Amino acid sequence: MPTYYITTLNIIIPMFVILILLEIFYANIINKSFIIRSMDTLSSLCSGLTNVIRDVLGLTIIIVSYSFMVDNFALFTIKTTWITYVVAFIGIDFAGYWVHRINHSINYFWNHHIVHHSSEEFNLACALRQSISNFFSLTFIFLIPTAIIGVPAEVITFLAPLHLFAQYWYHTRLIGKLGFLEYILVTPSHHRVHHAINKEYLDKNLSQIFIIWDKLFGTFQKELNEVPPVYGVKRPVRSWNPIFINFTHLMLLIKDAWRTNNWYDKLRIWFMPTGWRPDDVAEKFPVITIEYPFSLKKYATGNSNFLLGWSYFQLIVTSALMFLIFFNLTLLTHTMILLLAGLLVLHVMSYTFLLDKKKLALILEGLKFGFGIVLFFTINEKNGFIPNFSLNLIFIYLFISLGMTAYFFWSEIKNSTISVSIKS
């Protein structure tokens, strides 16, 4: 992972958080605070953090690198100028459209993208719901044209994260239509359509920066005044846990492939259109699907403000652990970095399952307690980059976290139930 990417993240992450706070502040001023819910926002922030960790660790498999394609397929050697950057940006956006379209169209690849659509709100925080389950990238296929004309690899590497970050701003309900820009760029209005489950809007507006791709390839839909968008996914995930959300569709595919008696269906389920299930499995094991968007009742777990506040404190600890990894990458072995990332994932799963009122949260917290003490003690013995005072604070935190989880388990979870979140 390039050092400049980590440096950029250290700038971008605080800026994203500030913009989220400004959106919350402005929404309250204009009496639209309903567009932002605390637990949904917390889930989105956790999802963003886990995605950043995945990216920094480089856990995506690149089937064919762009550098390889330029070295072997380029017909020209071109000088890097501002025109090169413009061509490269357009090429990245073209590739992004088609990868995005595949994610929406094919059963297996929908698992790469479901987390981004899982929020039943539409705000800046939901933009941070990025996948950790896309284990390999298809982008290289659609970047072959830029490789053939000789766009240098370093130009693509520099622009790719900027292209991703440029998609952040239009995840909001507070900006209306933007005049002539609606004909050129993806705007908040266009993207509200994209995130909606209304039949008029489903799988539309797949472009990322330039809306022209949707208009060229037949996937454009303007936002209709008479059809308010309803956000989420047609099979609601009903969880605040971003790790669970990332793999919920994949687990359904695995179970369906196992359960069906038709061997052809076991093979083709992965490549069928998104949502397709074998007939025998769909009949025996039905899943909730939203056919009438306006019947959707948003997922809610009725947690106390005390638990919600504690969970936001846990989010701060998650962020601190993430930056601890960033700032000490050169001091840690790859194995240690992976173990720390694993601890972070365990941490996120524990307190978000707690919000879901899942009894598994207490077990995960116990595992985090034991794993954390052993891991930090071992790392400190080998590297010594954590002062003893800070190490003691970490151990005290782990003990308090276990105690608080046990408290919430007994006071809010043990005998609780979660109401059905879909109207019949």
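**Stop 1: asparagine 31.** Select asparagine 31, which counts as exposed because its relative accessibility is 66%. The cut-offs, with a 1.4 Å probe and protein chains only, are under 20% relative accessible area for buried, over 50% for exposed, and partly exposed in between. Asparagine 31 is found in the loop between helix H1 (3–29) and helix H2 (38–57). Helices are DSSP runs (H or I, at least four residues), as strands are (E, at least two), numbered from the N terminus. Check the backbone: asparagine 31 has a positive phi of about 60° although it is not a glycine. Most residues other than glycine have a negative phi.

Two notes on the model before moving on. This is a predicted model, in which local features need pLDDT of at least 70 and side-chain atom pairs count only at pLDDT 80 or more, while totals for chains, interfaces and linings use all residues. Residues are numbered from 1 along each chain as its sequence is written, and side-chain values use heavy atoms, with hydrogens and water left out.

**Stop 2: arginine 238.** Go to the loop between H10 and H11, where arginine 238 is found. Arginine 238 also has a positive phi, about 50°, and is not a glycine. Its relative accessible area is 34%, so arginine 238 is partly exposed.

**Stop 3: the cavity.** On a 1 Å grid over the protein atoms alone, a cavity is a set of points where a 1.4 Å probe fits but cannot get out; a pocket is an open set with protein on both sides within 12 Å along at least five of seven lines; lining residues have an atom within 4 Å of a point. A volume is the space filled by probe spheres set on the points, which are joined across faces, edges and corners. How many cavities of 30 Å³ or more does a search of the whole structure find? It finds 1.

Stop 4: Rings of Phe, Tyr and Trp (its six-membered ring) pair if their centres lie within 6.5 Å; planes under 30 degrees apart are stacked, over 60 edge-to-face, and the rest tilted. The count comes to 20 aromatic pairs. One of them, phenylalanine 89 with phenylalanine 210, has centres 6.1 Å apart and planes at 85°, so this pair is edge-to-face. For tryptophan 240 and tyrosine 299 the centres are 4.9 Å apart and the planes at 55°, so the pair is tilted. Tryptophan 240 lies in the loop between H10 and H11 and tyrosine 299 in the loop between helix H13 (279–284) and helix H14 (305–327), so the pair ties together parts 59 residues apart in sequence. Both residues are buried.

Stop 5: Select Tyr97, Trp98, Phe142 and Phe217 to see one aromatic cluster. Then pick lysine 215, which lies over the face of phenylalanine 220 at 4.8 Å from the ring centre. The rule for a charge over a ring is NZ of Lys or CZ of Arg within 6 Å of the ring centre and within 35 degrees of the ring normal. Lysine 266 has its charged end over the ring of tryptophan 263, 5.3 Å from the centre.

**Stop 6: aspartate 265.** Aspartate 265 is found in helix H12 (residues 263–268). Is aspartate 265 buried or exposed? It is buried, with a relative accessible area of 7%. Show its contacts (heavy atoms within 4.5 Å): beyond four places in sequence, aspartate 265 is in contact with Thr260, Trp276 and Pro278.

**Stop 7: the second largest pocket.** End at a volume of about 980 Å³, the second largest pocket. Of its 41 lining residues, Val233, Lys234, Arg235, Pro236 and Ile288 are the closest to the centre. H11 gives the largest share of the lining, 7 residues. By class, the lining has 19 nonpolar, 13 polar and 9 charged residues.

Technical notes:
Nonpolar A, V, L, I, M, F, W, Y, C, P; charged D, E, K, R; others polar.
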